[in-house]
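Here is a short briefing on helix packing and aromatic rings. Look over the sequence and the structure before you read on.

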Amino acid sequence: MTTTDPSASLSFFARFWLAWLCFWRCLVSRDFARAVLPASRAYDAGTLAQLPAGGAEPAPRPQQEAPKPVVVK
């Protein structure tokens, strides 16, 4: 069962498992680490409650155009 109530406390083992998952996901997923960083900084600054409920969205990546093929005649 998943709890969405932010005031619900997590047991030690639930926090340990969450820390373990976040550690590995931050190492292997740049997008996950980019999404977690604003929340981590807000927590350190004491402004975590001011973040939107969904957390900060990572900045969209600029779309790169495919290189145009060179036509040789």
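In which kind of crossing, left-handed or right-handed, does α1 pass α2? The crossing of α1 past α2 is left-handed. Left-handed means that the near helix is turned anticlockwise from the far one by less than a right angle; right-handed means clockwise. This is a predicted model: local features need pLDDT of at least 70, side-chain atom pairs count only at pLDDT 80 or more, and totals for chains, interfaces and linings use all residues. Residues are numbered from 1 along each chain as its sequence is written, and side-chain values use heavy atoms, leaving out hydrogens and water.

**Helix packing**

- Helix α1 covers residues 12-28 and helix α2 covers residues 30-45. Helices are DSSP runs (H or I, at least four residues), numbered from the N terminus.
- The two helices α1 and α2 pack at about 120 degrees, with their axes 5 Å apart. Axes are lines fitted to C-alpha atoms over the stretch in contact, and angles run from 0 to 180 degrees between N-to-C directions.
- α1 and α2 are therefore oblique to each other. Oblique is what remains after roughly parallel (under 35 degrees), roughly antiparallel (over 145) and roughly perpendicular (65 to 115).

**The contact**

- C22, R25, C26 and V28 in α1 meet R30, F32 and A33 in α2. Contact means heavy atoms within 4.5 Å.
- The residues of this contact divide into 5 nonpolar, no polar and 2 charged. Ala, Val, Leu, Ile, Met, Phe, Trp, Tyr, Cys and Pro count as nonpolar, Asp, Glu, Lys and Arg as charged, and the others, Gly among them, as polar.

**F32**

- F32 sits in helix α2. F32 is buried, at 18% relative accessible area. Buried means under 20%, exposed over 50%, and partly exposed in between (1.4 Å probe, protein chains only).
- Leaving aside residues up to four places away in sequence, F32 touches C22, R25 and C26.
- F32 and C22 are 10 residues apart along the chain, and their C-alpha atoms are separated by 8.6 Å.

**Aromatic rings**

- There are 4 aromatic pairs. Rings of Phe, Tyr and Trp (its six-membered ring) pair if their centres lie within 6.5 Å; planes under 30 degrees apart are stacked, over 60 edge-to-face and the rest tilted.
- F23 and W24 pair edge-to-face, 5.1 Å centre to centre with 80 degrees between the planes.
- F23 is partly exposed at 43%, and W24 is partly exposed at 40%.
- F12, F13 and F16 form one aromatic cluster.
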